[in-house]
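Here is a short note for a colleague who is meeting this structure for the first time. Please read the points with the model open beside you.

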Amino acid sequence: MMFKFSSKLLTTLSVGMLSSAWLTGCSPDPQTAGGTEAESTIALQIRLADGSPAAKTRVRMLSEDFLADGLTDAEWTVSDDKGKVKFEKVSNGSYTIEARNTTGENAEGAVTYVTLDSKTDLSNEVKLGELTTIQGRVAAGQGPSVIRIAGLDRYVVPDSAGYFVIDSLPAGSFDLQIASLSNRGTIKLSATAGDEVPEVSLGKVRGFVVEDFERFTGISSTGEFLGDGWWYSLDADGENVLPLWDKSLTRKYSGSDGCASGGCARTEKRLGFLLGNADSAYVLPGLDSLMFSARGNGTLRVAVSFGGFGDSTEGGYETEVELKKVWKGFSIAVDDMKPYGKADGKNIKISRIDFQMVDGDTLFLDDVTLGGIDESTLKNVASKNQNYTVYSEDWSAHDALIASAEGYVAGIRGGADGIICRVTTMEDYIVVDDSTAVDSLGNIGTKVIIAPGSLRDCAMRDTAAWILFEKSGVYHLGSPLRITSYKTFDGRGRDVQITGTGIMTDGTTEVIFENITFNAPSVYEKDSSMHRAVSLHNITNKIWIDHCTFDEYPIYQVDMKRNSFDVTISWSRFENANTGVLFGLEPDLFKETDQTLTMHHNYFANMSVSGVFARGGKLHAYNNFFMDVDHYGVECTDSARCYIEKNVFNKDNAVSLYRLWDGDAPIDTTVGFVKMVDNWYAGGGKDAVGEARGYKPEYEYKAEAADASLAWKIKQQAGPR
């Protein structure tokens, strides 16, 4: 018989004769306890630190290379009243013996290692000692990982900040294995009980990380290379695919709760990622696997797909995996996935990665990675796919947009009931041959027409239209663009800049401007209409301006007058002008009585006069950030009724109630009426006293508390997404 002491021995052992009175323990599992050539019995005498027998002590013996799976606990055997326990029919091999005794609030334990290489019974004395912990941290953004100690039943997942604690360890040195569940490899290190391990950084992922869930913006990492690339899920009815381009939607599917070492996603139904666009598929040379980390309960369908969602054009490769309640890393070879639909085995095309719960509860997901490719692969593909559109046939994206409208514009439809009109050229007007104009020499004349596929072409159509921009770039207007009703100008996923002579309405209704930058105006001295980016005139109504930027217009950037009503301006930036929004004409020109305007979550900076100038009508302004205005955040004058609620003002002069002054004395006939509620004055201002003649908006809305976090949120998120 050979009884070998490991160099990691943590207890005092003695060899003696077996006693038949000792309690019989469970035999170790042959799969975790060595071979079957010879079998022995190991008897243990467990003693407390003071030398007395340790009755009712839990003891277990595991193979020295055992690694916990986090799902099942290794069985314990309990010592008798004299602290004795034995294990029978133990095969040759190396083992770890762990003992733990808890009496009241006192806990003691021991770990020792033994090796058997012939059939001989043995007895050992195990002396318990004080227990402690090993602590450490895995660097943030590394994805899920698990920390284990070979031979011990320890399975520890770091928290969302990367911190971990391995508890109930006696004094001594232990070999830790920190295994990435995101295909970053395994780190092995030695740590002494009671110590704190320095921050551990795991290796790089072998592939391109489509999404690591550290940002929660809804834009996946492939978007940086392919011009687009969003998360998607299902709509509220669990039917239509919904791109998560809106951060408020993204937050429903992501966060740090239940995650490990950073953020992760969670869903009970479906979550996926568009690599580029819904209608663009990519052949990625070198793609060999799909890697991700997940936990949950039930069956998960995983697919790399292209084409439509559930229609005759869809195809791809799919498989199913069983989830566990603990985090697990998956690496699925594309060759091992089952083709479906229009799949072509010769050229694996992919436009999206799809995760769908077949049964079970919540899926937790992290570090979705395309194995075998890198950034250069995506850049090469992107160079061949410059002309693409945004969700070309996916009306659920438009439905989600109009569902988020608030204030006076709630319920707006825009172009919802019409066609999709794609802006395919940056031209405005073009010169063409005019066969009706031929001179005496037979020369054909020319004429200027609206360029087909232009912004003007889509905007002036007599039908409802969802207007999408094929390319990012500058769309210059050579003359004022007078738009017709029922239009949605949607620049999401693009950098769309409209310059030139501005956009005008005349009795227009149901129009949305989404994700557009208005800048570089053409200014003509005799035409003041050129001084505005958007002009809303003559009972224009149901207009929504959302996530837009207005920059460098010399006087007003948006004006609204002549009893136009039911307008909302939200999440937009107004910069570098006299005043951002003009609301109403001077009373001696036209007395505004029916105008209604909601302004929320807008950002005002470098305004030489004011953010909003109201002359008559009803204005509801909430959750705006007036960061840099020289005079006033809001001018509420000429009988305007203004409800100013939970805004952030970065100066002491928040509101003015008079349009005209005689020296230092206000002219009463130009007075406005204001009600101010829970605003925050970062510059030391105070509320103006008033009741706005009883005006309070009747629609439903939720205003956030005005504080520094709101100001930062608006500053970061206002403007095109």
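1. A definition to begin with: two strands pair if DSSP finds at least two bridges between them. The model is predicted. Strands β49 (residues 618–622) and β52 (residues 641–645) run parallel and are joined by 5 bridges. Because at least two bridges are needed for pairing, these 5 bridges qualify them.

2. Another sheet deserves a look. This open sheet has 3 strands, ordered β11-β13-β14, and its pairing is antiparallel. Its edge strands are β11 (145–149) and β14 (186–192), each pairing on one side only. Ile-149 stands opposite Leu-176 in β13. As background, strands of a sheet pair through backbone hydrogen bonds, either parallel or antiparallel.

3. Next, the aromatic rings. How many aromatic pairs does a search of the whole structure find? The count is 21. Phe-550 and Phe-574 make one that is stacked, with 5.0 Å centre to centre and 10 degrees between the planes. This pair links distant parts of the chain: Phe-550 is in strand β43 (residues 549–551), Phe-574 is in strand β46 (residues 573–583), and they are 24 residues apart. Are Phe-550 and Phe-574 buried or exposed? Both are buried.

4. Compare Tyr-622 and Tyr-701. Their ring centres are 5.0 Å apart and their planes stand at 35 degrees, so this pair is tilted. Tyr-622 belongs to strand β49, while Tyr-701 is in the loop between β58 (680–681) and α6 (708–717), 79 residues apart. Tyr-622 has a relative accessible area of 0%, so it is buried. Tyr-701 has 24% relative accessibility, so it counts as partly exposed.

5. Some rings gather in one aromatic cluster. Its members are Phe-489, Phe-513, Phe-518, Phe-550, Phe-574, Phe-604, Phe-626, Phe-649 and Tyr-681. The stacked Phe-550 and Phe-574 are thus among the names in this cluster.

6. Phe-513 and Phe-518 also stand out in the largest nonpolar core. That core has 59 residues, and these two touch the most other members. Leaving aside neighbours within four places in sequence, Phe-513 is in contact with residues including Ile-483, Phe-489, Phe-518, Trp-544 and Cys-548. Apart from this core lies another, of 42 residues, among them Phe-213, Tyr-282, Ile-332 and Ala-382. In soluble globular proteins, nonpolar side chains tend to be buried together.

7. Last, charges over rings. Where does Arg-295 lie? Arg-295 is over the face of Phe-364, 4.0 Å from the ring centre. Likewise, Arg-615 has its charged end over the ring of Phe-613, at 4.9 Å from the centre.

Definitions and conventions
Residues are numbered from 1 along each chain as its sequence is written. This is a predicted model: local features need pLDDT of at least 70, side-chain atom pairs count only at pLDDT 80 or more; totals for chains, interfaces and linings use all residues. Side-chain values use heavy atoms; hydrogens and water are left out. Helices (H or I, at least four residues) and strands (E, at least two) are DSSP runs, numbered from the N terminus. Rings of Phe, Tyr and Trp (its six-membered ring) pair if their centres lie within 6.5 Å; planes under 30 degrees apart count as stacked, over 60 as edge-to-face and the rest as tilted. Buried means under 20% relative accessible area, exposed over 50%, partly exposed in between (1.4 Å probe, protein chains only). A charge sits over a ring if NZ of Lys or CZ of Arg is within 6 Å of the ring centre and within 35 degrees of the ring normal. A nonpolar core is a set of buried Ala, Val, Leu, Ile, Met, Phe, Trp, Tyr and Cys residues joined through side-chain atoms within 4.5 Å. Contact means heavy atoms within 4.5 Å.
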